[in-house]
Amino acid sequence: MLKNMLKIDLSYQKVKYAKIFTGIVILLLLFLIPVFIHKPYYLHIFILAIIYIIVVCSLRTVALSGQVSIGHAAFMAIGAYASGILAKQFGLTPWLTIFLGAVVSMLFALAIGFPFTRVRAFYFSMVSLFGGIAIMNLIRVAEKWTGATSLAGIPPLDSLNIPGIVQITFSNQKAAYYYFILIVALLCLAFLYSLEHSRIGMTWKAISQSHQVASSVGINESRYRVLALAVGCFFSGLAGACYAHYNLVLTPSTFGFLPSIYLVMYMLVGGLGSFWGPVLGTAIFVLVPEIFRWMKEYTPLLVGGIMVIVVFLLPKGMVSLFYRNEPKIRKIHKKEALRYDA
Amino acid sequence: MGIDVAQVAINVLMLSSMYILMALGFAILLSVLGIMNFAHSVIYMVGGYICYQLAVVYGLNQWFSLILATVIVGLFGLFLERFCFRPFFGDGNRTMVMTLAIIVLVETIVNILVGTQVRSLPAFVPGVIKGAGISVSADRLVTFIIGAVLTATMILLIRKTMIGQKMLAISQDSVGAALQGINIYKISSTATVVACALAAVSGGLMAAILRLSPYIGDTMLVKAIEIVILAGIGSISGVVGAGLILGALDSCLPLYLSGAATEVVGLCVIILILLFRPQGLFGREA
Amino acid sequence: MMLKTEELTKNFGGLTAVNKLDLQVHEGEIVGLIGPNGAGKTTVFNLITGVFRPTSGKVIFSGENITGCKPHEAAKKGIGRTFQAGFLFSDFTVLDNVVASFFLDPRVGFWEAAFKTPAYWKKEAYIRRQALDILRVVGMADVQSELARNLPHGYQKTLGLARALAVKPKLLLLDEPLAGMTQSEIAFSLQTLAHIRQQGMTILMVEHNMEIMKLCDRVVVINFGHKIAEGLPEDIQQNKDVMEAYLGVEDAA
């Protein structure tokens, strides 16, 4: 009996070490990518993927509290435009304005937060959808006012100059940007992961499961929903601001209806249940179309195909391939509808 | 320059009828099945393309092409319901991903088959009708008439026929309805076929008034969602009211504001209404 | 006096669910609230905890007027409740259900949670210990790792009780705590309730089960939202009005 107990313990330990080991390997690979991949275009794709990973993870943080925002690209836009304008018009250094852009996005979330979060689940999604489109159109209106068709001429990141230790220029240096965004992403994801697996995250999940019970134990539903929205929007704004100083040009259509829907899709196909779901989903949906670009106009068929396969066979998302105890591939029964599904 | 109220009113009616026609099928699926069918946009687009193919490429009579396109797309609705909706009943997330997958696949296939160049269907009824100081393009008037007839038919069907009553029952409580012996699969297929047919009709008519490209569905989808959510889930007749409101906003505001600003105003109105009444103007209490 | 309602009334449209209800609960008492189905008992709870705003009347808790305050504020003031429908955090384990309910005390700040300070870990360990204690008291310590939605009904009800206790309430509102339980589960629950009562808890309980009446110090009977009788359990069982309410008036056959 003791032997059996030890056996089980060992296998859990093994899994834990395996996870840590894989994590370190992946981390190493990520840091080594610019060493092996020199084509700027490929680095560009990786940079975009990482930026979107931050956004989709922050989207999931908001979704933890039961609110799925279908307008999240708009918060990316707010951060991007705020940072871009502050740097371009007021000459502040991008290192500062990126942070300020995130703050502006968060403040906006706080401002609209209370009325928006009073609305439940599905209706919140609808309101966020319309809000996102409204913000995109608002940007268009502002552009008409200023006579520009896009916000161009955004200054890139200032060079990092610590005499004797480090000297990095960012202009035209994709590799430098890659490391920058990688480090930012790791910090953001670490923060979000820590939040989710803390009492705060537990409170969010509690609210999403039963708001009656949650309020009966003293949880101020409304305040926590707004908190989730604020945190989620801070990081989307941050990612957007990074995008602004990387791309140096901003157009409203980058942040409109379709991109918002794609963000939700990346999260769902990756898997809502796990923190790594959005990471996996975004990575696949950004990288795969590029890897298979040679298929030209047939490439989206591959993307659509992946979506169909995942939605039929992996109901909990791609990340469920890595779950240990759950039944992974669901059998396709003939009469599935109306079955009470866990 | 005085504003011709009559002309504005006619414009509002014409635009509203286009909106309502586009949104009707979407509303039926959302209210009866609780499914947000994003694929509605590509079905609309495909309806337009099939009509074009039949009328322009094969040279059939345009009205006949419209009817044929409607039938073809309606039959596609059977496939859609059986293989794309039914496996995911009850799971909104997976249904949404499925409908998005359909959009991606269908848009790409159409793109491959026909190319992205913008086409246009010749008008169903060419010319402009003038009278009593107002003018309206004949095509839009015809669209209005067809739209009105179809909307009225749908509302009557739901209120008066057995099938309609069953649809109402399912929309309120699908499990209870099934327990009452209502064959929900039959009803859901019927609803999907009807929704697709409506999408095809509006696609064909719009192809003549607007242009035709694989991506026309995208903007239409946003408008349809706006109308249906404003009207409220569970209300088909509410679509008329919501359509009129948005049609009025989108006809009158562009006289003073730019297109984007009009959108902003319209959306803000909708958002404000939803914040106070999330179930929409005419919807059921959540 | 722990809890007092004065002329508490709630109208839903045309329906008067609670009608000028006067209720008192003293410290350390167990008061039973009984009445036929639809008499408005759950609505009374909802009014006390702030889920609904009363149309008129007052709710006074420990001398403080808490009429119309929000549910989370009621919890802060020391009112814990269970739900008739057995609402739970269904995707959490049993232990997590209780741990999550320790929201109010000790308060964990945002930044300490995000950065996982040593203070945070200390608080979490303390909460875990207390949660396990509560689970031991209600007898669910051995199922702590089960998912809440996999539990049989009786266990779910008991988990609701454990959850309510985590709030460290001064007043416990129990909405049909024994409904749907088997005989052995009922016996055990009665023991648990007696134990809690011994520790000084004040309880207001809604129940249909007559056995539970034995546990109560006092029973209040309501019908159509209005108090029709009040007194000791034995007396209530003999009361004519009560029997009429439950069984109806006998027809002259």
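Which residue of chain C forms a salt bridge with R199(A)? The partner is E124(C), and the closest N and O atoms are 2.9 Å apart. A salt bridge here is a side-chain nitrogen of Lys or Arg within 4 Å of a carboxyl oxygen of Asp or Glu.

This is a predicted model: local features need pLDDT of at least 70, side-chain atom pairs count only at pLDDT 80 or more, and totals for chains, interfaces and linings use all residues. Residues are numbered from 1 along each chain as its sequence is written, chains are lettered from A and ligands numbered from 1 in the order written, and side-chain values use heavy atoms, with hydrogens and water left out.

Start with chains A and C. The contact (heavy atoms within 4.5 Å) takes 26 residues from chain A and 34 residues from chain C. About 2,500 Å² is buried between these chains, 67% of it on carbon and sulfur atoms. Buried area is the accessible area (1.4 Å probe) that two parts lose on being put together, summed over both. On the chain A side, R199(A), Q209(A) and V217(A) lose the most area to chain C, together 29% of what that side buries. The salt bridge count between chain A and chain C is one.

Now turn to chains B and A. Chain B brings 44 residues to the contact and chain A brings 42 residues. Together they bury about 3,800 Å², with 83% of it on carbon and sulfur atoms. The salt bridge count between chain B and chain A is zero.
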